[in-house]
Amino acid sequence: MELYEAITARRSIHDFQPSIIAEEELKEIFQLASWAPNHRMKQPWMVKMFQQEGAIDFAEQVINSYKRSGFTEGYSKEKAFKMMEGIKNFLVEIPHHALIYMERDQDVHRYEEDFAAVCAYIQNVQLAAWGKGIGVLWTSSPYIHDETFMDSIGLDKKKHKIIGVLQMGYPSAIPRAKTRNPVPVEIQKDHFMKRS
Ligand SMILES: Cc1cc2nc3c(=O)[nH]c(=O)nc-3n(C[C@H](O)[C@H](O)[C@H](O)COP(=O)(O)O)c2cc1C
């Protein structure tokens, strides 16, 4: 696939076929993405993949986080239960949940560099997957900041930062592209500092 085509044709995918992606295929994608730029070659990206039975427990922990955050407050017990079951079933039907995280560098500048590098890594994952006919939705729901949620999946909020969760699978529908606005690139060709 041409580079330009991959960049423009890739779409965020919300509807997936139920089939599981072969492990080798997934590993190839997550390895290829590591060609992302990263300062000091820290390669800060780390991946936890939840699928099959693992996706059931993952969904359970997400639901628990929603409940703790007060998501169901104001609803009757029955309505709240239905809402949570609905979200859980929706999540369980997504074939793969790839949670992308990094270690928190205590130095703010390095932390930002690492965060930026992991974002570049994620876009590489999206493009590499797209090239194989695999769809991705980059999500950043509030549970990624929940200390108890992190603990439940073996992470420590003081040490780790979750950048996002990538829902992955073979697309069952590809949405239409959303148009992009013209980018205001300000090209400064003339001197702009006063000279005495
Ligand atoms: C940091 C980040 C977080 C996102 N979080 C969500 C999300 O939680 N839910 C969602 O539906 N899409 C999420 N998206 C995907 C955007 O909605 C999507 O990229 C945008 O609508 C443009 O669509 P396209 O990717 O198909 O071009 C996120 C994208 C980024 C970069």
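Which residues line the second largest pocket? In this predicted model, where local features need pLDDT of at least 70 and side-chain atom pairs count only at pLDDT 80 or more, totals for chains, interfaces and linings use all residues. Residues are numbered from 1 along each chain as its sequence is written, and side-chain values use heavy atoms, with hydrogens and water left out.

The second largest pocket is lined by Arg10, Arg11, Ser12, His14, Pro175, Arg176, Lys178 and Arg180. A pocket is an open set of points on a 1 Å grid over the protein atoms alone, where a 1.4 Å probe fits, with protein on both sides within 12 Å along at least five of seven lines; lining residues have an atom within 4 Å of a point. Its volume is about 170 Å³, taken as the space filled by probe spheres set on the points. By class, this lining comprises 1 nonpolar, 2 polar and 5 charged residues.

The ligand is surrounded by Arg10, Arg11, Ser12, His14, Leu137, Trp138, Thr139, Ser140, Lys178 and Arg180, each with a heavy atom within 4 Å of the ligand. Polar contacts (pairs of N or O atoms within 3.5 Å) include one between a polar side-chain atom of Arg11 and a ligand oxygen atom at 2.8 Å. A polar side-chain atom of Arg180 lies 2.9 Å from an oxygen atom of the ligand, and a polar backbone atom of Ser140 is 3.3 Å from a ligand oxygen atom. The protein buries 61% of the 620 Å² that the ligand exposes when taken alone, as computed by the Shrake-Rupley method with a 1.4 Å probe.

How values were computed: A polar contact is a pair of N or O atoms within 3.5 Å; within protein, one must be able to donate a hydrogen and the other to accept it, and residues adjacent in sequence count only if both atoms are side-chain atoms. Ala, Val, Leu, Ile, Met, Phe, Trp, Tyr, Cys and Pro count as nonpolar, Asp, Glu, Lys and Arg as charged, and the others, Gly among them, as polar.
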